[in-house]
Amino acid sequence: MNKGIELLMLIALSTNEFAAEQKERISDMKHMADGMGLILNGLLYNYLDNINAGVKYIQDGVNSIHKKGDLKSYLPEDTAYAYKFGEKSLRRIMEYSNELDEAMKAKDYDGALESASLLMRQCNSCHSRVRGW
């Protein structure tokens, strides 16, 4: 009887831990998606503050993911094998967001659009691999 209760408690704790990790992952991704939305809105309507805020959101999201440590444990279990790809994607996302920020400071709007496009492509690339689209 004790073994059964221990097993149930272990399952409940594992389920709660998984749900918390999934909630954090979703929160990080939503924060970065909100950033991308701000960037696109800012570029479309020439709202420089939106672009700056969007870059910050994305970089905060990347930093939040890095703080969690091992990307393998951060990814969904069925796609954790793609953690090296995810690490490379995070580096590129940071690079492209920096390039976008620098282009906006230099008033290089064509460069900013190109960086935003590369940033969006990198986000989609990682999501397609991790989500199996």
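Gln-122 belongs to helix α5, which covers residues 109-131; helices (H or I, at least four residues) and strands (E, at least two) are DSSP runs, numbered from the N terminus. The model is predicted, with local features needing pLDDT of at least 70 and side-chain atom pairs counting only at pLDDT 80 or more, while totals for chains, interfaces and linings use all residues. Residues are numbered from 1 along each chain as its sequence is written, and side-chain values use heavy atoms, with hydrogens and water left out.

**Exercise 1.** Decide whether Gln-122 is buried or exposed, and find what Gln-122 is in contact with.

Step 1. Take the cut-offs: buried is under 20% relative accessible area, exposed is over 50%, and partly exposed is in between (1.4 Å probe, protein chains only).
Step 2. The relative accessibility of Gln-122 is 7%, so Gln-122 counts as buried.
Step 3. Contact requires heavy atoms within 4.5 Å. With neighbours within four places in sequence left aside, the partners of Gln-122 are Ser-89, Arg-92, Ile-93 and Tyr-96.

**Exercise 2.** Compare the span of α5 with its expected span, then list the buried residues of α5.

Step 1. The expected span of a helix is 1.5 Å times one less than its number of residues.
Step 2. Buried in α5 are Gly-111, Ala-112, Ser-115, Ala-116, Leu-119, Gln-122, Cys-123, Cys-126 and Val-130.
Step 3. Check one of them: Gly-111 has a relative accessible area of 18%, so Gly-111 is buried.

**Exercise 3.** Do the same for α4.

Step 1. The 23 residues of α4 should span 33 Å at 1.5 Å a residue, and its end C-alpha atoms are 33 Å apart, so the two agree.
Step 2. The buried residues of α4 are Gly-86, Ser-89, Leu-90, Ile-93, Met-94, Tyr-96, Ser-97, Leu-100, Asp-101, Ala-103 and Met-104.
Step 3. Ser-97, in helix α4, has a relative accessible area of 0% and is therefore buried.
Step 4. Leaving aside neighbours within four places in sequence, Ser-97 is in contact with Val-55, Ile-58, Gln-59 and Leu-119.

**Exercise 4.** Describe how α4 packs against α5.

Step 1. Axes are lines fitted to C-alpha atoms, for helices over the stretch in contact, and angles run from 0 to 180 degrees between N-to-C directions.
Step 2. The angle between α4 and α5 is about 165°, and their axes are 8 Å apart.
Step 3. That angle makes α4 roughly antiparallel to α5, because angles over 145 degrees count as roughly antiparallel, under 35 as roughly parallel, 65 to 115 as roughly perpendicular and the rest as oblique.
Step 4. Residues that make the contact include Ser-89, Arg-92, Ile-93 and Tyr-96 of α4, and Ala-112, Ser-115, Leu-119 and Gln-122 of α5.
Step 5. The crossing of α4 past α5 is left-handed; a crossing is left-handed if the near helix is turned anticlockwise from the far one by less than a right angle, and right-handed if clockwise.

**Exercise 5.** Describe how α2 packs against α4.

Step 1. α2 and α4 pack at about 155°, with axes 10 Å apart.
Step 2. This makes α2 roughly antiparallel to α4.
Step 3. α2 passes α4 in a left-handed crossing.
Step 4. Among the residues that meet are Val-55, Ile-58 and Gln-59 in α2, and Ile-93, Ser-97 and Leu-100 in α4.

**Exercise 6.** Which residues touch the most other members of the largest nonpolar core?

Step 1. A nonpolar core is a set of buried Ala, Val, Leu, Ile, Met, Phe, Trp, Tyr and Cys residues joined through side-chain atoms within 4.5 Å.
Step 2. The largest such core has 24 residues, and Ile-39, Ile-58, Ile-93, Leu-100 and Leu-119 touch the most other members.
Step 3. Two or more residues come from each of α1 (2-45), α2 (48-67), α3 (71-74), α4 (83-105) and α5.
Step 4. The most come from α4, which gives seven residues.
Step 5. Leaving aside neighbours within four places in sequence, Leu-100 is in contact with Ile-39, Ile-51, Val-55, Ala-112, Ser-115 and Ala-116.

**Exercise 7.** Where does Lys-107 lie, and is Lys-107 buried or exposed?

Step 1. Lys-107 is in the loop between α4 and α5.
Step 2. Its relative accessible area is 60%, so Lys-107 is exposed.
Step 3. The phi of Lys-107 is near 60°, which is positive in a residue other than glycine.
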